[in-house]
Amino acid sequence: MPAVPPARLIAAVAASLALAAPAAHAQDGGGVPAPGPGDPCPTAYPSDGASKPSIARWMGRAAAVRGLPQELPVMAGLAESGLRNLSGPSYAGFFGMHRSLNAGPYRGFPRNPELQLRWFTDQAVLVRQREIAEGEMDYGSDESGYGLWVADVERPAPKNRSGYQPHLDAARELLGGSCTPAGFTADTVAPPLRARSARRQRSSITVKVACPAEGCVAGASAMIPLPRRPRRAATTAVAVPTRGRTTLTIRLGRRALRAAPFRTRVQVIGVDEAGNPATVARSVRVTG
């Protein structure tokens, strides 16, 4: 299948994702065991001339230590470049990255596949955090949705969003098994989450959110008891820095305010980089 062309807006969208993402992580670290002799999944880029299975396994290991499905970067690379490190005038690398991303933490990516893979895994982590924080609690849990997850990272034209899923089987064949390092333990612990809000609020609902132990991405939602059909109102998920605090604001439209006064349950979801969600609920009376 020919490569899926990236959308022309990928530069602006991906750049904004990069700015909101937590600090980039090394592919191995934090106690992740180094590969032993004969380990088929290298930590370092094996070279442009390496076989596709070697490149796929390098990608798979990097995904595994970020808590991502190992197939994701391989599927993206197959679709965008045929799993080759391309050098084009506007888009480059394995993942069709726009050259405007050649700045900040990804400066030098056209000549550095390690940065390309870091970009992809950073964005895949952030996409999952945002989707879960906005209420899609099962995001990424079903392999039939891996292609759409890749599409949420790559941001192709709408007609091409279905072009990644067909590469799942080929990605698995190239990987040839698991690239999770021996002795590696995935993070399955939800982050501590704190949320404070006034008990009575008027034109909008605001919640102050903190993730004191580690950075997270958080969102909030509430059901608005409209006369004929209740409506869910929600915030856009935002990054919450470690030991920092962020205010989430749920905007209430005119119809909601006409229904005031009413009491509602505000649910806050905070998600760490491993995709572990924590939830906190607060009761708020909207007085209008």
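**Entry 1. Cavity**

I began with the largest cavity and noted a volume of about 30 Å³. For the term I used a 1 Å grid over the protein atoms alone, a cavity being a set of points where a 1.4 Å probe fits but cannot get out, with lining residues having an atom within 4 Å of a point. I joined grid points across faces, edges and corners, and took the volume as the space filled by probe spheres set on the points. By this rule I count one cavity of 30 Å³ or more.

I recorded that this is a predicted model, in which local features need pLDDT of at least 70 and side-chain atom pairs count only at pLDDT 80 or more, while totals for chains, interfaces and linings use all residues. Residues are numbered from 1 along each chain as its sequence is written, and side-chain values use heavy atoms, with hydrogens and water left out.

I then listed the lining of the largest cavity: Ala-133, Glu-134, Gly-219, Ala-220, Ser-221, Arg-232, Ala-234, Thr-235, Gln-267 and Ile-269. By class, I find four nonpolar, four polar and two charged residues in this lining. The classes take Ala, Val, Leu, Ile, Met, Phe, Trp, Tyr, Cys and Pro as nonpolar, Asp, Glu, Lys and Arg as charged, and the others, Gly among them, as polar. Strand S7 (216–224), strand S8 (231–234) and S11 each supply at least two residues of the lining. With three residues, S7 gives the most. Helices (H or I, at least four residues) and strands (E, at least two) are DSSP runs, numbered from the N terminus.

**Entry 2. Val-217**

I next looked up Val-217, which is found in strand S7. Val-217 has a relative accessible area of 1% and is buried. I applied these limits: buried under 20% relative accessible area, exposed over 50%, partly exposed in between (1.4 Å probe, protein chains only). Leaving out residues up to four places away in sequence, I find that Val-217 touches Leu-126, Gln-129, Arg-130, Ala-133, Ala-237, Val-238, Ala-239, Ile-269, Gly-270 and Val-271. Contact here means heavy atoms within 4.5 Å.

**Entry 3. Leu-115**

I turned to helix H4, where Leu-115 has its place. Leu-115 counts as buried at 10% relative accessibility. Its contacts, again without residues up to four places away in sequence, are Pro-105, Tyr-106, Arg-107, Gly-108 and Phe-109. Asn-102 is 13 residues from Leu-115 along the chain, and I read a C-alpha separation of 9.8 Å for the pair.

**Entry 4. Helix H2**

I checked the span of H2, which has 13 residues and reaches 18 Å from its first C-alpha to its last, close to the 18 Å expected at 1.5 Å a residue. The expected span is 1.5 Å times one less than the number of residues. I listed the buried residues of H2 as Ile-55, Ala-56, Trp-58, Met-59, Gly-60, Arg-61, Ala-62, Ala-63 and Ala-64. These buried residues pack against helix H3 (71–81), helix H4 (113–133) and H6.

**Entry 5. Three-stranded sheet**

I found an open sheet of three strands in the order S1-S2-S3, with antiparallel pairing. Strand S1 (86–87) and strand S3 (97–98) stand at the edges with a single partner strand each, so one side of each is left without a neighbour in the sheet. Two strands pair if DSSP finds at least two bridges between them. Strand S2 (residues 91–93) is joined to S3 by two bridges. I noted Ala-92 opposite Met-97 in S3.

**Entry 6. Backbone geometry**

I looked up the peptide bond from Ala-260 to Pro-261 and found it cis, with omega near 0 degrees. Pro-261 lies in the loop between helix H7 (254–258) and strand S11 (262–271).

I then noted positive phi in residues other than glycine. Ser-47 has phi near 115 degrees and lies in the loop between helix H1 (10–20) and helix H2 (52–64). Ser-47 is partly exposed, at 33% relative accessible area. Arg-155 has phi near 55 degrees, and its place is in the loop between helix H5 (146–154) and helix H6 (168–175). I recorded Arg-155 as partly exposed, at 36%.

**Entry 7. Whole chain**

Lastly, I noted seven helices and twelve strands in the chain. Buried residues make up 47% of its 288 residues. Of the contacts between residues at least 6 apart in sequence, 64% join residues at least 24 apart.

Definitions and conventions. 1 Å grid on protein atoms, 1.4 Å probe; cavity = no way out; pocket = protein on both sides within 12 Å on 5 of 7 lines; lining within 4 Å.
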